[in-house]
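Me: Can you walk me through this one? I'll ask as I go.
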Amino acid sequence: MAVPKKSSTFASQFSNGTLADRLGNGLQNRVEQFDSARYLNPREMDTAMYSSFFIHHTGGLLMKNICIRHYPSPCGELLLASTDHELCMCCWAGMACAERSLRRIRRYMNVEFTMASSAVIEQTVNQFDDYFAGHLTVFNIPLHPVGTDFQHRVWKALLDIPFGQTRSYMEIAKSIGNPQGVRAVAQAIGANGIGIIIPCHRVIGSNHSLTGFAGGLDKKQLLLQLERTISMK
């Protein structure tokens, strides 16, 4: 029986070309539309004007490159994205969660998207291979989640859920000192852009129902069953 590999916790590492056809025409068109119409959307106006000012006065020195690569996992095609030496996205390709994450990255950061791999993406792929094969129970990937301070607090709390176990939304809310904020916690969990590694799939309803999941309840069930099976060995 293979002994699962365990790597050190990575909570301390939690920090703040164009898209190719493989992204899917719908997703690529949405990103391009956002690029061309970003100043017309009132919700994006402040960030867009802020980014435009610095691009104009620095000659675009703030422009970052986001590498994106597909990963065909046993629970569906994943989109992995990295900035510098950190992973900033892991979402299901072709689903709304991937589109939302790309838009958030574009909103918070001045970036260009390139269909290419990177060292941290390859590190993630290797660890995913071990995870789905049942040989790894804790990821060790440098992360760059993109979100608000409150979302970061919630996502960090998710990292404390042990492999093979689950927590309720209420338990997460209490763990961050906000027991009255269950709805806000649920929204932050739903906005998690680095799925599986930041284990939002381990959060269930108080009545033990699976509740919502960006990748679909079938994938949530698959991930939980995988982890339960491995943890019982």
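**Strands, helices and core**

Reply: Happy to; note that the model is predicted. Strand E1 (residues 64–73) pairs with strand E4 (residues 111–115) in the parallel sense, over 5 bridges.

Me: Which residue in E4 is the bridge partner of Lys64?

Reply: Val111.

Me: And how many bridges join E1 to E2?

Reply: There are 8, and E1 and E2 (residues 76–83) run antiparallel. Within that pairing, Ile68 has Ala81 of E2 as its bridge partner.

Me: Stepping back, how many helices and strands does the chain have?

Reply: 8 helices and 6 strands. In sequence order the pattern reads α-α-β-β-β-α-β-α-α-β-α-α-β-α.

Me: What share of the residues is buried?

Reply: 47% of the 233 residues count as buried. The accessible surface is about 11600 Å². Carbon and sulfur atoms hold 53% of that surface.

Me: OK, helices now. Which residues of H5 are buried?

Reply: H5 spans residues 149–158, and its buried residues are Gln151, His152, Val154, Trp155, Ala157 and Leu158.

Me: Why would positions three or four apart in a helix point the same way?

Reply: Because an α-helix has 3.6 residues a turn.

Me: Back to H5. What covers its buried residues?

Reply: The cover includes helices H3 (96–108), H6 (169–175) and H7 (182–190), along with strand E6 (203–204).

Me: Take H7. At what angle do the axes of H5 and H7 cross?

Reply: Roughly 80°, and the axes come within 9 Å. The two helices are therefore roughly perpendicular to each other, since angles of 65 to 115 degrees count that way.

Me: Which residues meet there, between H5 and H7?

Reply: On the H5 side, Phe150, Gln151, Val154, Trp155 and Leu158. On the H7 side, Ala184, Val185, Ala188 and Ile189. Of the H5 set, Gln151, Val154, Trp155 and Leu158 are among the buried residues.

Me: New topic. How many residues are in the largest nonpolar core?

Reply: It has 58 residues. Phe128, Tyr131 and Ile196 have the most contacts inside it.

Me: What does Tyr131 touch?

Reply: Leaving out residues up to four places away in sequence, Tyr131 touches Leu136, Phe139, Phe163, Ile196, His201, Leu223, Leu226, Glu227 and Ile230. Ile196 is on that list, and Ile196 is also one of the residues with the most contacts inside the core.

Me: What do nonpolar side chains tend to do in soluble globular proteins?

Reply: They tend to be buried together.

Note on methods. Residues numbered from 1 in each chain as written. Predicted model: local features only at pLDDT ≥ 70, side-chain atom pairs only at ≥ 80, totals over all residues. Heavy atoms only, no water. Helix = DSSP H or I, 4+ residues; strand = E, 2+ residues; numbered from the N terminus. Buried < 20%, exposed > 50% of the residue type's maximum accessible area, 1.4 Å probe, protein only. Areas by Shrake-Rupley, 256 points an atom, 1.4 Å probe, with all protein chains shown as cover. Pairing = 2+ DSSP bridges. Contact = heavy atoms within 4.5 Å. Core = buried A, V, L, I, M, F, W, Y, C linked by side-chain atoms within 4.5 Å. Axes fitted to C-alpha atoms, helices over the stretch in contact; angles between N-to-C directions. Parallel < 35°, antiparallel > 145°, perpendicular 65-115°, else oblique.
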